[in-house]
Amino acid sequence: MEYISTRDKSISVTSAEAIVCGLSADGGLFVPNEFPKVSFEKIEEMAKKSYNQRAAYILSLFLTDFTIDEINECVDKSYNKQKFETESIAPTYKLSNGVYFLELWHGPTCAFKDMALQILPHLLTKSIKKTAQNKTVVILVATSGDTGKAALEGFCDVEGTKIIVFYPENGVSEIQKLQMVTQKGDNVFVASINGNFDDAQNGVKKIFTDDDYNKNLNDKGFMLSSANSINWGRLVPQIVYYFSAYADLLNNNEISPSEKVNFVVPTGNFGNILAAYYAKLMGLPINKLICASNENNVLTDFIKTGSYNKNRDFKLTASPSMDILISSNLERFLFDIIGNDSMRIKEWMKELNDSGKYKIHDLTKQKIKDILWADFATDIETKNAIKETEEKSSYLMDTHTAVAKNVYDKYVLETNDNTKTIIVSTASPFKFNKSVVSALFGDDEYKNLSEFELLSVLAEKCNMKVPSSLSELNELEVRFNNLIEKEQMQDAVYKALKI
Ligand SMILES: *Cc1c(COP(=O)(O)O)cnc(C)c1O
């Protein structure tokens with residue numbers, strides 16, 4: 001299989017090259033030139049298999065320059081009992097007749113990014129060997145919280161890699177900070193920036209684009225790479241759990257063969273829901289994909305009107321991992337919808353870059369509406385959804401999942417569609433416990449407790465177990481205490497690499 005750039009389809013690379021490069025040189029994103037088809041018989045076969053076998057099968061369809069042994073090795077190193085708190089890796093939970101949750105947060109950092117960031121390091125190190133480069137890969141991450149920790153866990157002690165994470169000193173939650181500064185591993189380095197997330201991100205971008213700096217690193221045997229969500233190596237592992245969830249419902253006789261289901265996906269950068277769309281293209285029986293946003297509702301407006309416009313206030317919400325105004329992976333979706341017209345994508349992305357907006361034509365809009373349905377939830381609606389679902393069904397959702405639940409309720413009200421539906425649950429309620437506690441018990445009662453203390457409050461009140469990766473946090477040694485100015489990031493990289 002070949003991978004082509006969304007902005008110039010004459011550029012073609014192998015999957016290993018796509019994973020090593022991350023982004024195409026023309027600024028486009030790599031996508032497969034065609035999508036493999038999975039027959040319904042194959043899906044029934046998958047139903048009898050373990051998560052790892054399902055993953056190896058789906059990955060093998062895309063990573064055609066990997067051997068099956070290599071794929072199995074990557075899969076088994078990522079999805080196992082040491083890393084995930086449940087043997088089924090991505091279990092489904094039945095909320096009520098015809099409504100299910102797909103829980104993607106049983107990994108080491110308690111959020112869905114683990115599903116891809118556990119396996120990406122292994123795919124990346126294999127890809128680097130294939131592209132005949134003999135360098136230590138240095139992963140640079142600027143994070144507002146979740147991605148940094150998930151990347152640290154994924155790359156921790158992976159041979160041939162180093163990982164350096166920068167976060168804004170006052171821009172992450174208490175738990176997120178603890179998660180990062182206590183990170184284990186001999187190849188990890190963490191520093192905070194005296195600045196905000198944009199400063200951290202701009203600093204990382206500057207390092208990536210500084211030719212002299214990169215040449216110097218290269219001479220010393222290092223090569224920079226990124227683990228961000230536009231890398232194909234993060235997308236393909238996400239296709240797996242859509243097939244897996246469907247297979248689980250088949251196994252439990254919740255659906256009949258070939259019965260279509262809806263998926264509701266809490267969306268930020270459009271990576272997770274794009275994987276669902278790819279699963280549909282491959283033959284998974286999917287009816288509607290429901291795109292749920294928070295108050296940063298650029299995507300809702302786009303899907304309803306056909307105009308993408310990021311010129312609006314950026315809002316800090318209770319679902320921070322979806323606080324995004326430019327959903328990068330939408331580019332891949334549009335590329336497919338308009339029949340791989342890379343010239344048109346290039347124009348739209350230039351308009352987005354120059355003026356912050358672009359508009360698609362009505363036919364394209366209609367095509368998108370056949371596939372997607374979109375709406376958003378305010379913070380108040382999100383918190384109400386948490387409380388209501390806990391009271392009615394004794395099921396505790398985090399804020400991101402609650403956005404999806406609220407939007408699903410709106411969808412049913414508007415469409416009366418009673419197709420069986422799987423709501424994608426992207427984080428453990430313990431991870432965003434401050435908002436969850438406030439949703440359940442109001443803002444006052446526990447306002448003097450730290451996020452850490454709130455873990456046990458939540459566990460006790462809801463009769464749940466705190467994930468061990470969170471409960472052990474205050475016993476771990478703080479390993480990193482580096483607060484630097486944003487001008488010092490290049491030096492910090494040298495220091496981390498001991499050069
Ligand atoms: C990243 C993230 C999302 C959004 O996923 P995208 O792939 O960026 O759309 C939703 N929920 C949680 C908890 C996340 O960490």
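User: Before turning to single residues, which cut-off decides whether a residue counts as exposed, and is Asp 443 buried or exposed?
Analyst: A residue counts as exposed when its relative accessible area is over 50%, and as buried when that value is under 20%. In this predicted model, Asp 443 sits in the loop between α19 (433-441) and α20 (451-462). Because its relative accessible area is 54%, Asp 443 is exposed.

User: Which residues does Asp 443 touch, not counting residues up to four places away in sequence, and which side chain is joined to that of Asp 443 by a polar contact?
Analyst: With those sequence neighbours set aside, Asp 443 touches Lys 383 and Ser 438. A polar contact of 2.9 Å links the side chain of Asp 443 to that of Ser 438.

User: How many Å apart in space are Asp 443 and His 106, C-alpha to C-alpha?
Analyst: Along the sequence, 337 residues separate Asp 443 and His 106. In space, taken from C-alpha to C-alpha, the distance between Asp 443 and His 106 is 28 Å.

User: What is the strand order of the open sheet of 5 strands, and which strands stand at its edges?
Analyst: The strands of this open sheet follow the order β9-β6-β7-β8-β16, with parallel pairing. Each edge strand has a single partner, so one side of each is left without a neighbour in the sheet, and these strands are β9 (222-225) and β16 (483-484).

User: Which residue in β7 stands opposite Ile 139?
Analyst: Strands β6 (residues 136-142) and β7 (residues 161-168) run parallel and are joined by 6 bridges. The residue in β7 that stands opposite Ile 139 is Ile 163.

User: How many residues of strand β11 are buried?
Analyst: Strand β10 (residues 261-266) runs parallel to β11 and is joined to it by 5 bridges, and Pro 266 stands opposite Ala 292 in β11. Strand β11 (residues 286-293) is mostly covered, its buried residues numbering 7 of 8.

Note on methods
Residues are numbered from 1 along each chain as its sequence is written. This is a predicted model: local features need pLDDT of at least 70, side-chain atom pairs count only at pLDDT 80 or more; totals for chains, interfaces and linings use all residues. Side-chain values use heavy atoms; hydrogens and water are left out. Helices (H or I, at least four residues) and strands (E, at least two) are DSSP runs, numbered from the N terminus. Buried means under 20% relative accessible area, exposed over 50%, partly exposed in between (1.4 Å probe, protein chains only). Contact means heavy atoms within 4.5 Å. A polar contact is a pair of N or O atoms within 3.5 Å; within protein, one must be able to donate a hydrogen and the other to accept it, and residues adjacent in sequence count only if both atoms are side-chain atoms. Two strands pair if DSSP finds at least two bridges between them.
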